[in-house]
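User: Please take a close look at one part of this model and walk me through it. Then tell me how the rest compares in outline.

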Amino acid sequence: MRTVEPWVTEPLERFLAESSARLTLLMTSAGQVVAQHGFTRSVDVMTAAALGAAIMASTGEIAKLVGESNFLSLAHQGARQHVFLSAFETPRGRWIGLVVFDAESTVGLVQLFFERLVKELAAAAPQQVPEQQVLPENFERELNASLRALFGR
Amino acid sequence: MSNPVQLLERLSTVRGLRGSVLVSAADGLIVAESLMTGVDGRAVAALAASLMNRLRRATESAGRREPVFLQLQAQGGSVLATPCGPDLVLVAVAGPDANVGLARLEMLEAAGKVA
Amino acid sequence: MSDDIRGMTAELAADPDSLIFLELGEALRRRGQLDAAFKVARTGLGRYPELARAHDLFARIFCDRKEPDRAFESWVTALQFDPSLVSAHKGLGFLYYQAGDLASAEKHLAYAGQADPDDGGTATALERVRADATAAKAAPASVSAAGAEPAQAEPRAAGDGAAPDDVMLPTIAGAGGLAFSFDEGARSPVQEAVFSGLDGGADGLLLVDANGLRLGGGLRNPDGQDVADSVAALLAGVSKEAARTTRLLALGDWRGLAVECGDGNLFLSAPSDSTLLLTVRGLDVPMGRVARFAERASAAARTWLERAE
């Protein structure tokens, strides 16, 4: 497991231990990765983050279409592996969690422990830091720094 | 299938039971519930379904037939569970003073009606 | 099928309570039909759970199946019911010798020799054990002491893992009234009988560590296949799930898990913080009794664990 924000580490470790998730990704609603577990290639992380953020954005549009304020979570059931996606509020803004699990867990368990993760993250988050404007010249440097943190390179 | 909520409410008349839920075995999600305040139905559903699934694998490995009833005993009470067909599990949470024997009979009867 | 086996099979079919199962099981074992011998022995043991000769037959079959730990448990159980059963002493002597515990081997073989002085096989085996023990005392650095790791010594008894009867076990027709004080505290380097004396010690009681590895006991499915290790591996996950369930539902520590299956009753308990005990019984044993039996078995397991530490 790797995190960009150190205060995410413990709550995420507890979530992973309880949920038996195979892959987990925490990202901002813009697709910027905050933490990952189980991924072996950075390109997979970036792809999953982009797709996850896009799915939640589409889901938000469907919610508006049917008169809901938002759909916070959704689950996809596969033959062997399943996906759970959920948006949640943090002191750092709206984040998205993407969890891949298999027969070792169930969507009920993942949901149960994800809710606990959200509460623990809210409690663990440091006080709000003023948002820094991300300039084009900083972006690549920040992206590379995130990738190094997430993959230990 | 009989009305599950009515069956669960009948179960709640057993002394010492704090509530019961009907759970989707594969997902651990609640199908129906009748719970006292303070009992986390979602946790009961998810955890009991997961326990039942693990037990199914263990009993299969032992060459035995599937579980028909289980009682997880703890200091502060018990979790009781019985499958209702292949897809559902009836779960009850019992306090330490519960009449587990009666609860078991009621649950087995209810499971037969739900399946 | 030979005539004698056919005849015994017919006799057993006509009278399932007949003790002919002992002869039939032994005949099948000698012919190498171990699965059939096992089924006959198991059925007979179910009818006569306290018959020492039935446990003795079981032990011989386990030896032929190259399961010395289960053979040991069965012979120990046999001696619980009949401390004078010479064939059990011979069997244990053989296993101790194979494992390098010459002192224990000599003890059992000496008893067997006293009980049946005309048995040349036992006398020969005892001579060999005593010779090895003398040689070991003369070169102490090369000898493994009793209770140490299982033998490095070559197995010189008849056949690797084979039942000792070819050399040491003729048919015994009563061993006389010599009393034998069997030291239940003695540790076997083969495997200590965790549940010695308890009904089902060789099957239906499974002691597992926190990693899902078997510590003692055994488990077979209704077809007689050994499923102990595969079930042990799954039990660790079951106990973690049980512990998590009671913890998160604020019920405290879990104490036991009673499971009724369509064809049997199971009870999972934790004799210590790092072990699990699975007790399996047929439907004819009510769950309440299974739970009580599991308590006794847990106590036996705790005693064994304390001795092992």
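Analyst: Start with the terms. A helix here is a DSSP run of H or I with at least four residues, a strand is a run of E with at least two, and both are numbered from the N terminus. The model is predicted.

With those terms, chain B reads α-β-β-α-β-β-β-α from the N terminus on. That gives three helices and five strands. The part to look at is helix H3 of chain B, residues 100-114.

Check its length first. The expected span is 1.5 Å times one less than the number of residues. For the 15 residues of H3(B), that should come to 21 Å, and the end C-alpha atoms are 20 Å apart, so the two agree.

Now look at what H3(B) hides. Its buried residues are B:Val100, B:Ala103, B:Arg104, B:Glu106, B:Met107, B:Ala110, B:Ala111 and B:Val114. An α-helix has 3.6 residues a turn, so residues three or four places apart point the same way.

Step back to the whole chain. Buried residues make up 53% of the 115 residues in chain B. Among its contacts between residues at least 6 apart in sequence, 51% join residues at least 24 apart.

Chain A has its own helix pair. H1(A), residues 9-19, and H3(A), residues 107-124, pack at about 170°, with axes 9 Å apart. Angles over 145 degrees count as roughly antiparallel, so H1(A) is roughly antiparallel to H3(A). Among the residues making this contact are A:Phe15 of H1(A) and A:Phe113 of H3(A). By class, the contact has ten nonpolar, one polar and two charged residues.

Chain A has a mean pLDDT of 86. Within it, H3(A) is highest at 95, while H4(A), residues 136-151, is lowest at a mean of 64. Where pLDDT is low, the predicted coordinates should not be read in detail.

Methods
Residues are numbered from 1 along each chain as its sequence is written. Chains are lettered from A and ligands numbered from 1 in the order in which they are written. This is a predicted model: local features need pLDDT of at least 70, side-chain atom pairs count only at pLDDT 80 or more; totals for chains, interfaces and linings use all residues. Axes are lines fitted to C-alpha atoms, for helices over the stretch in contact, and angles run from 0 to 180 degrees between N-to-C directions. Angles under 35 degrees count as roughly parallel, over 145 as roughly antiparallel, 65 to 115 as roughly perpendicular and the rest as oblique. Two residues are in contact if their C-beta atoms, placed from the backbone, lie within 7 Å. Ala, Val, Leu, Ile, Met, Phe, Trp, Tyr, Cys and Pro count as nonpolar, Asp, Glu, Lys and Arg as charged, and the others, Gly among them, as polar. pLDDT is the predictor's confidence in each residue, from 0 to 100. A residue is buried if 20 or more other C-beta atoms lie within 10 Å of its own, exposed if 12 or fewer, and partly exposed in between; C-beta atoms are placed from the backbone.
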